[in-house]
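Hi there,

Here is the structure I promised to pass on.

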Amino acid sequence: MVDVHFKPADTAEDIEQVHRLNHRIFAEEVGQHPRTTDGRLIDKFHDRNRYFIATCGSELVGMVSVHDGPEFSITSRLASDSALKALRAPLEIRLLAILPKFRNRSILAGLFWQVRNYARDHHYSDMLISGIVERLPMYEKMGF
């Protein structure tokens, strides 16, 4: 059995691996973003994101990011942002990425457990996600 460790991304090396994993998943695999020559994808909310990661040895095998706005990626998908404004302290969950060979393991639960603890410790009122409509069954399977 391989040991997987969960922690906040708190070093420059952690963040570099996050950018590379995001490129691998969102540019190369999903095609949601164009590929870059340096193999890195830096999120538009990077400066406000808090990243939580799963590592196996020195390899980053999964990550998720959160941020608390004031701008949310979900806003552009809503007819009105009045529902968001009614929330006391929302936290948006973004950029879930897990390497394919680790997707049938408990990586998702470990990443979401970190997000849950962070949200609780920082007194967020609600958690939001912004996803791809065609992947709704996957999000529902995750509990959203």
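**Salt bridges and a pocket**

Let's start with E16, which is partly exposed, with a relative accessible area of 21% (buried means under 20%, exposed over 50% and partly exposed in between, using a 1.4 Å probe and protein chains only). Before going further, a word on the source: this is a predicted model, where local features need pLDDT of at least 70 and side-chain atom pairs count only at pLDDT 80 or more, while totals for chains, interfaces and linings use all residues. Residues are numbered from 1 along each chain as its sequence is written, and side-chain values use heavy atoms, with hydrogens and water left out.

So which residue forms a salt bridge with E16? That's R40, with the closest N and O atoms 3.0 Å apart. (A salt bridge here is a side-chain nitrogen of Lys or Arg within 4 Å of a carboxyl oxygen of Asp or Glu.) R40 sits in the loop between α1 (12-29) and β2 (50-56), and E16 in helix α1, so the pair ties together parts that are 24 residues apart in sequence. (Helices, H or I with at least four residues, and strands, E with at least two, are DSSP runs numbered from the N terminus.) R40 is partly exposed too, at 24%.

Next, R103 and E29 meet in a salt bridge at 2.8 Å, N to O. R103 lies in the loop between β4 (90-98) and α3 (107-121) and E29 in helix α1, so this pair links parts that are 74 residues apart in sequence. R103 has a relative accessible area of 38%, and E29 has 42%.

R120 and D121 also form a salt bridge, 3.0 Å from N to O. Salt bridges with shared partners join E16, R20, D38 and R40 into one network. The structure holds nine salt bridges.

Now for the largest pocket, with a volume of about 1,000 Å³. (On a 1 Å grid over the protein atoms alone, a pocket is an open set of points where a 1.4 Å probe fits, with protein on both sides within 12 Å along at least five of seven lines; lining residues have an atom within 4 Å of a point. The volume is the space filled by probe spheres set on the points.) Of its 36 lining residues, F26, L95, L96, M138 and Y139 are closest to the centre. Which element gives the most to the lining? β4 does, with six residues.

Cheers!
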